[in-house]
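Subject: Model for handover

Hello,

Please find the model below, with the sequence alongside. My notes on what was found in it follow.

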Amino acid sequence: MGLELPKYPEMEEDQVFNFTDSEIVSHVKQALASVLSGDNNSYNQLVGVMHHSKHLAPDEVALLETTLKALAGAVSSIDITHHDSLLSAIFCMSMWNYGPHVADALAELIVSLAISNGKYLDLCLGMLVSNFTPPPYFLDKLKMPHGLERKGQVLSRVHAAFKKIADYVPLAPLRLLTIVLQGMPTIYHKDRAIVIYVENMLKLESGEIGELVGCTILMAVVDRLIELDVEIGWDAILQDDFSKGIFEMELEDVDDIEESAEPDVGEFRLSRKSLAGNSIAELLDNLLVLTFEHLESCEREGRLAKVFETLLQSFRVTVLSAYKSKFAQFVMFYACALDPENCGMRFATMLADLFVQDSQPQPTRMSAVSYLASYLSRAKFLAASSISSMLKRLVDWCLEYCEAHDGDINPNAHRVFYSGCQAIMYVLCFRMKVFVDVPRLKSELLIPLEQVLKHKLNPLKVCLPSVVEEFLRQAKAASLFTVCKTFIFDGLLESELSRAFGGLERLDTFFPFDPCVDMDEFDYALKKMSITPKATSNYKFGGRFQEPARMPSRIRPSTSPESL
Amino acid sequence: MEGLSVADANLVMYLHPSKSRNVSQSILRELGSLLFKFNETFDGVLLAYDVNILDKQAKILSGVHPYFGLRLKANLLLFSPKPDMLLEGKVVKLSQESIHVIVLGFSSAIITAENIRGEFKYRTKDTEELFASKSHKRHVIKVGTMIRFLVKSFDEEILHIIGSLISAHTGSIRWLDRHLEEDSEFDRSSMKSRDREWLGDKTVDEGATPMSYDNHIKMSKKRRITE
């Protein structure tokens with residue numbers, strides 16, 4: 001607005017000392033009313049005061065604060081058509097520009113406006129939501145102590161204002177939800193605005209209004225994670241030579257890792273060179289860290305189980321069906337690690353349920369079993385009994401399938417079956433030791449498995465050769481099976497047949513929870529994945545906010561041989 | 001309280017074939033999505049429903065629509081405030097400027113100073129803000145009071161009501177009810193003749209409880225909505 005503000009508006013000069021609150025309110029009311037009679041002078045002054053935002057002198061700050069308070073007292077005199085310039089000036093104000101007193105007065109005004117008339121509700125909520133993010137010039141200051149202080153000031157006021165509005169307008173949260181979702185920065189806003197916006201969303205989720213809107217907000221956050229996730233191409237991750245095989249390093253005894261020295265964080269970061277400079281990866285990293293912190297706070301407040309149900313639902317809807325999600329699934333992994341007995345098992349059960357349901361589409365079932373296999377292999381926080389019960393379920397299903405189907409190898413027709421067999425072998429590659437030592441498990445699990453593997457459908461020939469080879473090597477070492485035919489794969493990672501059952505989606509090579517990292521960092525990564533948050537170990541993954549480098553988000557996903 | 005009504009509705013709901021696996025659940029979900037929103041067909045806000053599915057088999061619509069239609073019989077509880085209806089709500093905020101009320105726990109209403117009759121005077125008593133009647137000391141409105149007020153307008157999108165406390169039969173429900181009882185006892189004994197006067201004279205002065213007051217206890221009317 002081109003309005004030139006008088007240096008010392010007359011109304012301000014003596015009001016500081018001589019006027020009472022109600023006199024100022026009536027003064028403002030008069031100014032508002034005078035517009036209707038065509039006299040815009042004092043009204044324009046009022047609007048001018050609102051446009052004052054930067055480098056305010058103390059008396060200007062006082063004027064602004066008084067004016068805002070007076071306006072809050074005179075909201076019923078504000079008319080949406082006659083005072084639109086005033087309203088738009090108010091709605092353009094950013095709390096980030098002002099100190100606590102002005103921010104308080106502004107928040108009070110917004111609350112009064114929102115509850116005074118239904119017409120202002122959306123505008124006021126929109127204004128508060130726009131305060132989620134600071135003005136662009138402030139983004140750099142966010143990390144500084146002064147910036148953090150300001151951030152705390154603004155966010156606490158914004159969220160307190162939501163609460164107040166909801167107290168007086170019970171349906172406001174529903175409208176807020178729409179506004180928050182619509183206002184969410186898209187993935188093309190590659191600045192940090194989205195990080196602080198998501199922080200605010202999570203704050204809403206954990207607040208009182210969260211009861212009403214939390215579920216949808218959490219799902220929107222996961223959706224955004226997925227969107228960022230798919231923006232990062234597999235080629236960006238898989239530049240290194242992965243022909244080394246997926247098992248070599250993983251099968252080393254990890255017991256001694258606990259004693260090993262502090263991991264070198266610096267080195268760890270450097271080795272992420274292939275993703276360095278990728279702004280989307282950085283954003284995703286930050287968002288994942290935020291989400292993990294949020295999950296931890298949920299766990300502390302004892303409401304993880306409720307939040308987990310939402311996550312589970314959103315996982316089913318978005319993550320599971322996203323083509324080879326690379327990072328977003330670690331949100332689930334992290335939540336499971338926080339509460340292995342409940343959430344951890346709930347996740348595994350849901351995946352197994354999806355796999356055995358005939359009514360589910362084939363890609364969903366295969367994807368689910370891939371997740372399950374990878375989860376059972378990597379989640380060191382799971383009890384052996386849980387893993388064996390899940391495996392038993394898979395083996396039983398496969399056995400039943402074998403009994404019902406009589407035919408030769410047909411990768412395409414029996415793709416779900418093959419993906420199940422591969423999942424079992426994959427888990428056993430990691431967990432063989434657990435089963436070999438317990439005779440009961442051996443008879444319950446490994447004998448039916450032998451039947452399955454020796455069936456005419458011949459899963460050993462169809463499944464991913466690298467998995468089969470490793471499985472057979474270990475089985476032989478543990479003298480479990482005697483396979484009459486010798487399988488010679490010559491170190492092949494995949495075969496025509498495995499490609500055929502994997503389909504276009506290449507679900508045969510999808511191991512979602514595999515950390516995709518270099519040799520050196522692998523041990524470190526594995527360590528992080530393998531220790532439950534309940535353990536007091538130093539390596540509690542992501543457990544400490546001051547060590548963000550330890551978040552699993554830093555781990556690159558599966559070494560899918562597909563890239564070869 | 002007025003504005004609430006029960007309606008018997010004959011509805012036809014169109015469901016996507018993907019919902020065919022669990023029809024009753026998707027019907028409930030569909031009806032649930034209508035809750036707490038103003039619906040023009042119902043001419044009101046749907047507050048509750050009880051549904052009966054009539055068809056055992058659904059018809060698939062011919063033509064481009066793959067949807068199938070289901071006939072339902074539903075019992076709907078509707079909230080449709082119209083100007084000059086009497087509503088009741090709880091005061092949640094009070095200032096010299098206005099009284100904020102929540103009706104039925106979900107709809108917010110505001111009564112601004114110019115819609116509050118002169119009888120009520122704004123006062124603060126031990127930091128508590130209240131509106132007290134000048135002529136009846138006991139008639140007080142403060143935060144937490146249940147009040148009865150007239151509807152001036154209703155914003156259908158936000159479900160926001162603008163109300164008024166101008167007419168004499170509005171104010172604190174507790175006070176009005178007690179007053180009404182006293183009045184009726186009074187009426188029965190000696191004031192039968194004034195009774196008729198009141199009926200004739202609609203402009204009631206402060207303190208007198210108009211006879212039109214029993215309006216508010218009107219039984220919920222039944223309506224039929226056919227779609």
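Chain B has an open sheet of three strands in the order β9-β10-β11, with antiparallel pairing. Strands (E, at least two residues) and helices (H or I, at least four residues) are DSSP runs, numbered from the N terminus, and two strands pair if DSSP finds at least two bridges between them. Because β9 (120-125) and β11 (140-142) of chain B each have a single partner strand and stand at the edges, one side of each is left without a neighbour in the sheet. On average, neighbouring strands of this sheet are turned by 30° against each other, direction ignored. Strand β10 (residues 128-133) of chain B is joined to β11(B) by three bridges, and the two run antiparallel. B:L130 has B:K142 in β11(B) as its bridge partner.

This is a predicted model: local features need pLDDT of at least 70, side-chain atom pairs count only at pLDDT 80 or more, and totals for chains, interfaces and linings use all residues. Residues are numbered from 1 along each chain as its sequence is written, while chains are lettered from A and ligands numbered from 1 in the order in which they are written.

As a whole, chain B contains three helices and 15 strands. Of its 227 residues, 25% count as buried (20 or more other C-beta atoms within 10 Å of the residue's own, with C-beta atoms placed from the backbone).

Next, the contact of chain A with chain B. Eleven residues of chain A and 17 residues of chain B take part, where contact means C-beta atoms, placed from the backbone, within 7 Å. On the chain A side, α6 (100-116), α7 (118-130) and α8 (145-168) each give two or more residues. That side divides into six nonpolar, four polar and one charged (nonpolar: Ala, Val, Leu, Ile, Met, Phe, Trp, Tyr, Cys and Pro; charged: Asp, Glu, Lys and Arg; polar: the others, Gly among them).

Within chain A, the axes of helices α17 (residues 340-356) and α18 (residues 362-378) come within 8 Å and cross at roughly 145°. Axes are lines fitted to C-alpha atoms, for helices over the stretch in contact, and angles run from 0 to 180 degrees between N-to-C directions. Residues of α17(A) that meet α18(A) include A:F347 and A:L351. By class, this contact has twelve nonpolar, one polar and one charged residues.

Regards

Terms used: Contact = placed C-beta atoms within 7 Å. Buried ≥ 20, exposed ≤ 12 C-beta atoms within 10 Å, placed from the backbone.
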